[in-house]
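Please read this briefing alongside the sequence and the model.

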Amino acid sequence: VVIPSKGTPYMLSGPVLVPSNRRIIAENGATVRLSGDCNLLMLRNTSTADGTHMPITAPRNENISIEGGVWEEMCPYRLGYGNSGMYDSERSFFGVSTCMLLENINHLTLRNMTFRHCGGFGVQIGECNDVIIENIFFDNCFADGVHVNGNVENIHIKNVYGEVGDDLVAFNMFDWQNSSVNFGPAK
């Protein structure tokens, strides 16, 4: 999927679901913006599963890659758990508070992206293996940039920078229930 550059943002009113074997390329100058009245996350993969209380046994997504673009929320400050970046309106995945939830994936790549005005985490990942995250800029974001939860293996994170309200990169293998849906080890 190619998101062409244009002078105005592409507006989303709710989450985009990404299946296996997808590559999203946002051209230089492309901005994807979540509408200000949406308190849900912007993007997630299709095989998400809640691993809060037990390991995930659901089939994983495979081969998801996102490169380029500005991924923007409309948050003026950190809104708090349950107020932004929720999985769904019922908050059925209690520990999700993020712009992008990418978990339960084999082979995930995020490169050359900018996150702007995120009220929760920029990216929340867990239950993943073979992950590459490179050249990620956080512009006026208000929680963790890259928030890594448990059951992850073989992660390469390089050149993550910018302004966040907490950690640029956080490794939380066993975190509070309001900020994790994947509890377990990392290798």
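**Cavity, strands and cores**

The largest cavity holds about 30 Å³ of space. A cavity here is a set of points on a 1 Å grid over the protein atoms alone where a 1.4 Å probe fits but cannot get out; grid points are joined across faces, edges and corners, and a volume is the space filled by probe spheres set on the points. This is a predicted model, in which local features need pLDDT of at least 70 and side-chain atom pairs count only at pLDDT 80 or more, while totals for chains, interfaces and linings use all residues. Residues are numbered from 1 along each chain as its sequence is written, and side-chain values use heavy atoms, with hydrogens and water left out.

**Cavity**

- The count is one cavity of 30 Å³ or more.
- Lining the largest cavity are Arg-78, Gly-80, Tyr-81, Ser-97, Gly-119, Gly-120, Phe-121 and Ala-143; lining residues have an atom within 4 Å of a point.
- By class, this lining has three nonpolar, four polar and one charged residues. Ala, Val, Leu, Ile, Met, Phe, Trp, Tyr, Cys and Pro count as nonpolar, Asp, Glu, Lys and Arg as charged, and the others, Gly among them, as polar.

**Strand pairing**

- Strand S2 (residues 10-12) pairs with strand S5 (residues 31-34) in the parallel sense over three bridges. Strands are DSSP runs (E, at least two residues), numbered from the N terminus, and two of them pair if DSSP finds at least two bridges between them.
- S5 also pairs with strand S8 (residues 70-72), in the parallel sense and over three bridges.
- Arg-33 in S5 is the bridge partner of Met-11, and Glu-72 in S8 is the bridge partner of Arg-33.

**Ile-64**

- Ile-64 lies in strand S7 (residues 61-67).
- Val-18 is 46 residues away along the chain, yet the two C-alpha atoms are separated by 7.8 Å.
- Contacts of Ile-64 (heavy atoms within 4.5 Å) include Val-18, Asn-45, Ile-105 and Leu-108.

**Nonpolar cores**

- The largest nonpolar core has 39 residues, of which Leu-43, Trp-71, Met-100, Leu-102, Leu-110 and Phe-115 touch the most other members. Such a core is a set of buried Ala, Val, Leu, Ile, Met, Phe, Trp, Tyr and Cys residues joined through side-chain atoms within 4.5 Å.
- Strands supplying at least two residues each to this core include S5, S7 and S9 (98-116).
- S9 gives the largest share, eight residues.
- A second, separate core of six residues includes Tyr-87, Phe-93, Val-96 and Leu-101.

Key:
1 Å grid on protein atoms, 1.4 Å probe; cavity = no way out; pocket = protein on both sides within 12 Å on 5 of 7 lines; lining within 4 Å. Helix = DSSP H or I, 4+ residues; strand = E, 2+ residues; numbered from the N terminus. Buried < 20%, exposed > 50% of the residue type's maximum accessible area, 1.4 Å probe, protein only. Lists of a residue's contacts leave out its neighbours within four places in sequence.
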